[in-house]
Amino acid sequence: MSNITMNIHSDFETSKISFDDFREIILNDYKIAVQSRFVSLFGRKEVLTGKAKFGIFGDGKEIAQIALAKVFKPGDWRSGYYRDQTFAFASGISNIYHFFSQLYANPDLEADISSGGRQMNCHFSTQLLDSDGKWVDQTAQKNSVSDISTTGGQMSRVLGLGLASKLYRQNDRLDYLTFFSNKGNEVVFCTVGNASTSEGVFWETVNAVAVKQIPVVISIWDDGYGISVPNEVQTAKADISEALRGFQRDGGGNGLEIFKVRGWDYPALCEVYEQAAKFARDEHVPCIVHVTEMTQPQGHSTSGSHERYKSAERLEWENAYDCNVKMREWMLQSGIAKEEELATLEKEARDFVRQEQRRAWADYHKTIQTDLDEAISLLSAVDHTEVDIPLKTLQSLAEPSLKEIYSNVRRAIRDLRMSASSSKDELLTWYERKKKENYQRYNDKLFTDTAESPLKQEIIPPSYDDEATVVDGREVLNACFDANFARDERIVAFGEDVGKIGDVNQGFAGLQHKFGELRIFDTGIRESAIIGKGLGLAVRGLRPIAEIQYLDYLIYAMPVLSDDLASLSYRTKGTQKSPVIIRTRGHRLEGIWHSGSPMSVLLGGLRGIHICVPRNMTQAAGMYNTLLRADEPALVVECLNGYRLKEKMPSNVGEFTVPIGVAERIREGNDITVVSYGATLRIVQEAAIELEKLGISLEIIDAQCLQPFDQTQISAASLAKTNKLLVVDEDMPGGASAFILQEILENQKGYFLLDGQPRTLSAKAHRPPYGSDGDYFTKPSVDDVIELAYEMMSDYNQQKYPKLF
C-alpha cells in the first residue's frame, strides 16, 4: 500500500511547463475550490430561507476532487455520489448555474441538465442520448452515470462500466463500436464515502474488480464520520485501507493497488491520482485511493448540525485542516500567490457564485411566473364569485410554486361545476393543455420510449417445417441464444454457472466453447454485482444478459434493480438508458428459499423494467429475440419446471418475436375468463379439461407480461363475453393477482362487464414448505382451480351448479 504523505512545502514537478503556467493552473484550481465552497454556503442558505427543499453539499472535499478531475479524460466514466460537486465543476460535467437549478428543482432539462428537476441537488448525470434516443459519442465527452442517493449504490455498476473497457480492448470484433470506446483505454472513477464502505455492495464490488482486474479507481472520501457515527464504530481498525490490505497486489496474483493520502495535501493528491489513473488506464489494474483527514464544515446536510456530535477539539481541528485553508497556506508559503491576489480571487469567486445562483433562481421563477400569469388572466376573465378566493390567493403569492398555482386552479374548476361560460371553457382548455405539460415535467420517461422500444418491434411469428423436431424446451432456448450470439457481437451473458456448464438448466450449454469466455462467463455468488455489471455494460453499448440463478435470489439485488436500473430513464428524463436483460427462473421448485414467486415485490420495486413471464421456452425465446433488438431493460422469468417439457423447434428460432405487453388467448370459452401466467397456466389448462366435464367452459388468457400488462385489452374483451373473472397465480394473496385485477377492472373498465364477484386464487401467505405435499397445500392446484371456478358458477346459478361443500 502506497502511503503518500508529502509535506505541504514539497516542490511540484515543473520541468515540462513554465512557472507562470504552473502558477496559473494552481490558481485556477484554487478558484474552483473557493467557488465550490461558496456554492455550499449559499446553497445551505437557500434551503434555510425556504427557496429550496433540501440541500446536501461537498464542502471539505474540494481539493481532492480537483486533483481527481485532472486525470478524468474524455471517454472516461464517473460513478459517484452526492459529495462530488467540486469534481463536477472541475471536470465540466456540470456548472454552478446547473447546480442551483437542480437545487430549486427546475423541471427544464436545459437548466437542470442532470435530471430536469427530478433529483435533489448534487446528483450529477451526463446526457448519453440525443433527442431521438440515439447514443451520443461517449468517447468525445466525459461521462457520468446518473447518481443515486442509496449509500454505496454507485458501486456495483462500476463493474460493467469497467468491464466494457476490457471487452473493447480484448475483442477486436467490437472495434466498429467507435462511439463507446477507444480500444478500451477508458477508466471508471468511482467515489464513495468512508461510512458507505460498510455496505455489502462495497465489498462485493471490491472483490469483483480485483478478480476481474477492472480498470477502476475508487476514491474513498474519509471525513471520519457517517453522519454522527465515527470510524471506530464503522470499520475494522477504524481505517478502511488497513481493512482492505489483503487486497493489495503482491506479485502473486490479482488484486488492487491501494493508496492513502491526506485530503488537504494538494501536491500529494495530484501525484497519487496520476499514478492511480496510469495503473488503471495502461494496465487495467484497479486502484483504491483512501483520502483521509477530510472535513465536513457544514455537517452532513441541511437537516442537521454536526456540532451535536463532534467535540470542540474535533471542530477546532477541522477549522485548521480545512482543505481550502491548507491549500491557501501552501500557496502563500511557496510563493505561488500573494495575500492580496488571493483575497481578490476569493471576492470574485463569491460574486460569481452569487450571480449564477440568482440567475438560476430567476430562470426557475420565470417558469413558475408564466404559469401564474396565465392562470390569473384566465381566472380574472371568469365572471363568477366562486373564483374570487382562488384568484385572490394566486394574486397574493410572494413566492409562488406550481403546486399552489394548480391547486387553486383545480379548486376554481370544482367550484364552477354548476356554471357554464366561454371563459370557463377557456380555463378548462388551458388546464387540460397544462396537464400534458406538467406530465412531461414530472411524470414522463419511465421508459425511454425511443423508436427501438420493445413495444415497437416488428412481430414475426414462429414458423415450423413439416418435419420440425420435438425437443426439450431448454433446447429451444439454447438454439435461440446460439442464433443471437452469432448475429450480434455485442451480446454477452454471465452469472453463476453460466459459463462452463452452460447454466444449471443448460440454456447456454456449449455456447462458451463456441463463442469464447469473453462473451459467456461465470461469476461469483454476488447478485448485486451481477446486476450492476449488466447495467454498466449496457450503458456502454453492449447487450448483456445478466443471469440470476433463481427468482428468489433476485431479492439480493433489489437495491440495484429498483434504485438504479428501474429509475435510470425516469430520473435522467430519458437521457440515459441501460437495455440489460435479467434472466432468471422460478415458480414451483420445492423449498422455502427456492420456490417463491415474489411478483408483487417486483411489480412494486421495478417500475421502469419490463417484467416478462413466459409460459414456455418458445415464448421465452421469442421475448429474448424481441428484447435483444430493443433498447429498454427487462426481466424474463422462465418456468422452472418447463425446461424438459417437449416443444417443437421453430425454423426461425433466432428471428421470431413475441410482442412485449400483449396477452394471448390460449383457450376459447364461454363461462369464466381466467387470467394467469407462468407455471400456474398449465394448472389452469388441466383444470379446464375437468371443468368441461362439469359443464363449465373456461376462456384462458395468458398475461405473458406483467409490466406492461395486456396493452391490447384482450382480458376486457373476454370478460365482455363471459362476465366472470378469475385470476390465478402463485404469488402471495393481494400480490400480482390484485395488480391484475386493478388493471382489468379499473384501467380496462372491466368492472362494468361483471355479473358476479371477481375472484383471485393465489398461494398461501407463507412460503411453501419443502416437498410435493407442501407445494400442493400451499400453491394453487388443479383441484383448487376446479373448485373455485365451480363455486363462481354456483353463485351465479345454484340450481344448475349445486354447492359442493
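**Close-up 1. His-284 sits in the loop between helix H9 (266-283) and strand E9.** This is a predicted model, where local features need pLDDT of at least 70, side-chain atom pairs count only at pLDDT 80 or more, and totals for chains, interfaces and linings use all residues. Residues are numbered from 1 along each chain as its sequence is written, and side-chain values use heavy atoms, with hydrogens and water left out. Helices (H or I, at least four residues) and strands (E, at least two) are DSSP runs, numbered from the N terminus. Is His-284 buried or exposed? With a relative accessible area of 4%, His-284 is buried; buried means under 20%, exposed over 50%, and partly exposed in between (1.4 Å probe, protein chains only). Its phi is near 55°, a positive value in a residue that isn't glycine.

**Close-up 2. Lys-310 is found in the loop between strand E9 (287-292) and helix H10 (312-320).** This lysine counts as buried, at 8% relative accessibility. What does the side chain of Lys-310 make a polar contact with? The partner is the side chain of Glu-318, at 2.9 Å. (A polar contact is a pair of N or O atoms within 3.5 Å; within protein, one must be able to donate a hydrogen and the other to accept it, and residues adjacent in sequence count only if both atoms are side-chain atoms.)

**Close-up 3. The second largest pocket lies between domain 1 (19-337) and domain 2 (371-443), because both give residues to its lining.** Domain bounds come from an automatic or database domain assignment. The pocket holds about 520 Å³ of space. Of its 25 lining residues, the closest to the centre are Lys-51, Lys-53, Tyr-104, Ala-105 and Tyr-364. Helix H12 gives the most to this lining, with three residues. On a 1 Å grid over the protein atoms alone, a pocket is an open set of points with protein on both sides within 12 Å along at least five of seven lines, while a cavity is a set where a 1.4 Å probe fits but cannot get out; lining residues have an atom within 4 Å of a point. Grid points are joined across faces, edges and corners, and a volume is the space filled by probe spheres set on the points.

**Close-up 4. The largest cavity has a volume of about 70 Å³.** How many cavities of 30 Å³ or more does a search of the whole structure find? The search turns up three. Residues lining the largest cavity include Leu-446, Phe-447, Lys-577 and Pro-633.

**Close-up 5. Gln-704 lies in the loop between strand E20 (698-702) and strand E21.** Gln-704 isn't a glycine, yet its phi is positive, at about 65°. This residue counts as buried, at 3% relative accessibility. Pro-708 belongs to the loop between strand E21 (705-707) and helix H24 (714-722).

**Close-up 6. Cys-705 is buried, at 0% relative accessibility.**
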